[in-house]
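Hi,

Here is the structure I promised to pass on.

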Amino acid sequence: MALMHPQFDPIAISLGPVAVHWYGLMYLLAFAQFLLLGKLRTKQAHYQHLSYKYIEDLLFAGVIGVILGGRLGYVIFYMPAHYLSHPLDALKVWEGGMSFHGGFLGVLVAMLWAAKRNKQTFFEVTDLIAPLIPFGLAFGRLGNFINGELWGRPTDMAWGMIFPQAGDMLARHPSQLYQFMGEGIILGVVLWWYACKARRIGQVSGLFLLGYGLFRFLAEFAREPDSFLGLLSLGLSMGQWLSLPMIAFGVYLLSRKTQ
């Protein structure tokens, strides 16, 4: 016996000719929680000098970074041969294909720009926004589950779930929900608690990198690797290889003694 994925209608709200898809709605909720938590962040003693307008500006820059970096990362990390042969396909974002790690790099570039523009150090900006990110990631993983995409590997666990989109009737790990809890809810709670007190510059960013990298690395053991890539060296997936530098740099930021 296995659970069956509910096969949600991909359209959350339909108003005449306008249809709002669940995944788009999850993005809106992720942006809204960024602004809400950002407002709470500016009320903490060590950030009271910052304005809410500044949080809005960071969100705008971050959205641009997520979209451009996420798409470019997918092109470079996952299907470089295809896009070298069909470069115009890289513009077809409506066909899907976004990389978290690429989007993450895009956000880092956007935050570097914001730091220089506001005469701050890079880690001052990333320490500010790090606790605002995990709950947004949780909404994204919830969107993946609703869409029945990015399913897990076959399993005989009692909570195994059949995803018809996979093209078979195998019970699989609902790995989207694992990521929802790990890199989303648990990391978000821990990071918010840790960031409530003033820390050395770079430490909040370090905890985010370490926490996300670890949760993503572990979740990949349950997640079905991309069919066009499979498992890479040492039996690890692309997501795991891309998470290892995050873990290493996170450990470095947490352990260094200087600002």
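Contact here means heavy atoms within 4.5 Å, and the helices (H or I, at least four residues) and strands (E, at least two) are DSSP runs numbered from the N terminus.

Before going on, the ground rules: this is a predicted model, where local features need pLDDT of at least 70 and side-chain atom pairs count only at pLDDT 80 or more, while totals for chains, interfaces and linings use all residues. Residues are numbered from 1 along each chain as its sequence is written, and side-chain values use heavy atoms, with hydrogens and water left out.

Back to α6. How many of its 14 residues are buried? Ten of them are, which leaves α6 mostly covered. "Buried" means under 20% relative accessible area, "exposed" over 50%, and "partly exposed" in between (1.4 Å probe, protein chains only). Among the buried ones are Pro134, Leu137, Arg141, Asn144 and Phe145. From its first C-alpha to its last, α6 reaches 20 Å, close to the 20 Å expected at 1.5 Å a residue. That expected span is 1.5 Å times one less than the number of residues.

Gly148 follows α6 and has a positive phi, near 70°. Leu150 also has a positive phi, about 55°, although it is not a glycine. You'll find Leu150 in the loop between α6 and β4, and it is partly exposed, with a relative accessible area of 31%.

Thr155 lies in the loop between α6 (134-147) and β4 (161-162). Is Thr155 buried or exposed? It counts as buried, because its relative accessibility is 14%. Its side chain makes a polar contact with the side chain of His173, at 3.5 Å. (A polar contact is a pair of N or O atoms within 3.5 Å; within protein, one must be able to donate a hydrogen and the other to accept it, and residues adjacent in sequence count only if both atoms are side-chain atoms.) Leaving out residues up to four places away in sequence, Thr155 touches Gly160, Ala171, Arg172 and His173.

Helix α1 (residues 22-41) has 20 residues, which should span 28 Å at 1.5 Å a residue, and its end C-alpha atoms are 28 Å apart, so the two agree. Its buried residues include Leu25, Met26, Phe34 and Leu37. Not counting residues up to four places away in sequence, Phe31 touches Leu59 and Val63.

Helix α8 (residues 203-219) has 17 residues and reaches 24 Å from its first C-alpha to its last, close to the 24 Å expected. Why is α8 largely enclosed by the rest of the structure? Because 14 of its 17 residues are buried.

**Spaces inside**

Both kinds of space come from a 1 Å grid over the protein atoms alone: a cavity is a set of points where a 1.4 Å probe fits but cannot get out, and a pocket is an open set with protein on both sides within 12 Å along at least five of seven lines. Lining residues have an atom within 4 Å of a point. Points are joined across faces, edges and corners, and a volume is the space filled by probe spheres set on them.

The count comes to one cavity of 30 Å³ or more. It is lined by Tyr54, Asp57, Leu58, Trp113, Ala114, Arg117 and Asn118. The elements giving two or more residues to that lining are α2 (52-77) and α4 (100-117).

The second largest pocket has a volume of about 220 Å³. Of its 15 lining residues, the closest to its centre are His46, Tyr47, Asp127, Arg199 and Ile201. Helix α5 (residues 122-129) gives the most to this lining, with three residues.

**One last loop**

Gln7 sits in the loop between β1 (3-4) and β2 (11-15). Its phi is near 55°, a positive value in a residue other than glycine. With 37% relative accessibility, Gln7 counts as partly exposed.

Cheers
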